[in-house]
Amino acid sequence: MPRTVSRGVVALLLSCTLLLTTAACGGDGDAQSTNAAATPSSTSTVEQQKLAKTRFVANAGLAAGAAYQWIVKPYRAGKFKKGADGRTLALVKAGLAGAFTYNRLKAAVNNAKGDPLLSKAVVPLTAGIDSLKDLGTKLRKGEAGDADVGAFESVINSVKDAGKSAGAEVVDKVPSASQLGG
């Protein structure tokens, strides 16, 4: 019998604890003032500009690294030619790299909008970046030629030059395979 009493006491204590915690959570007007105090404030324009350059450099660097590692370098080595060893895998990687590069270049252009000097340098390049939209598919299907790969390399170099002129030097950073596929 003492065991059932102790179980009853434990159950009663747990019930009271549950009631007290739920009662403490529900409040009248105080919850609104707490929520207002918890909302994050926006960062200053100086911080946004610094972060814009940093993000631009990171995204453009990943785009340049992916384009060089999985598109330009294999193309120059002849990996995309019919009958080449590992052609299928090279074409699939190039297709993924093309889509990844396009995505990162678009992100870099959006990041550049946070910095006045950088946005002026990158604005003329948006048409070139948009022209790369379908290149990933062309690469994956094996339909890309010298002109397509040359255009890819040209756009990457233009973005790097624009960043350098605005004080945000872009360095190639090869993304991991999981970043490329993710």
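The side chain of S119 has a polar atom 3.0 Å from the backbone oxygen of P116. The model is predicted. S119 sits in helix α5, which covers residues 116-122. The chain has nine helices and zero strands.

**S119 and its surroundings**

- S119 has a relative accessibility of 18%. Buried means under 20%, so S119 counts as buried.
- Leaving out residues up to four places away in sequence, S119 touches A112 and K113.
- A112 falls within helix α4, which spans residues 87-112.

**The chain as a whole**

- Reading from the N terminus, the elements run α-α-α-α-α-α-α-α-α.
- The chain has 182 residues, and buried residues make up 31% of them.
- Consider contacts between residues at least 6 apart in sequence: 78% of these join residues at least 24 apart.

**How α4 meets α8**

- Two packed helices are described by two things: the angle between their axes and the distance between the axes.
- Helix α8 covers residues 146-165, and its axis comes within 12 Å of the axis of helix α4.
- The two axes cross at roughly 30 degrees. Angles under 35 degrees count as roughly parallel, so α4 and α8 are roughly parallel to each other.
- The crossing of α4 past α8 is left-handed.
- On the α4 side, the contact is made by G98, T101 and L105. On the α8 side, F152, V155, I156 and V159 make the contact.
- Five residues of this contact are nonpolar, two are polar and none is charged.

**W70, a buried residue in α3**

- W70 belongs to helix α3, which runs over residues 45-76.
- The relative accessible area of W70 is 15%. That is under the 20% limit, so W70 is buried.
- What does W70 touch, not counting residues up to four places away in sequence? The list is F80, A90, K93, A94, A97, V174, P175 and L180.
- W70 and L91 are 21 residues apart in sequence. Their C-alpha atoms are 8.8 Å apart in space.

**G142, in a loop**

- G142 lies in the loop between α7 (135-141) and α8.
- Is G142 buried, exposed or partly exposed? Its relative accessibility is 29%, so G142 counts as partly exposed.
- G142 touches R87 and L91, again leaving out residues up to four places away in sequence.
- G142 and T88 are 54 residues apart in sequence, with 8.6 Å between their C-alpha atoms.

**D146, exposed in α8**

- D146 has its place in helix α8.
- Its relative accessibility is 58%. Exposed means over 50%, so D146 counts as exposed.
- How many residues apart in sequence are D146 and V72? They are 74 residues apart, and the C-alpha to C-alpha distance is 10.0 Å.

**G181, exposed in α9**

- G181 is part of helix α9, residues 177-181.
- With 57% relative accessibility, G181 counts as exposed.
- G181 and F100 are 81 residues apart in sequence. In space, 8.0 Å separates them, C-alpha to C-alpha.

Methods. Residues are numbered from 1 along each chain as its sequence is written. This is a predicted model: local features need pLDDT of at least 70, side-chain atom pairs count only at pLDDT 80 or more; totals for chains, interfaces and linings use all residues. Side-chain values use heavy atoms; hydrogens and water are left out. Helices (H or I, at least four residues) and strands (E, at least two) are DSSP runs, numbered from the N terminus. Buried means under 20% relative accessible area, exposed over 50%, partly exposed in between (1.4 Å probe, protein chains only). A polar contact is a pair of N or O atoms within 3.5 Å; within protein, one must be able to donate a hydrogen and the other to accept it, and residues adjacent in sequence count only if both atoms are side-chain atoms. Contact means heavy atoms within 4.5 Å. Axes are lines fitted to C-alpha atoms, for helices over the stretch in contact, and angles run from 0 to 180 degrees between N-to-C directions. Angles under 35 degrees count as roughly parallel, over 145 as roughly antiparallel, 65 to 115 as roughly perpendicular and the rest as oblique. A crossing is left-handed if the near helix is turned anticlockwise from the far one by less than a right angle, and right-handed if clockwise. Ala, Val, Leu, Ile, Met, Phe, Trp, Tyr, Cys and Pro count as nonpolar, Asp, Glu, Lys and Arg as charged, and the others, Gly among them, as polar.
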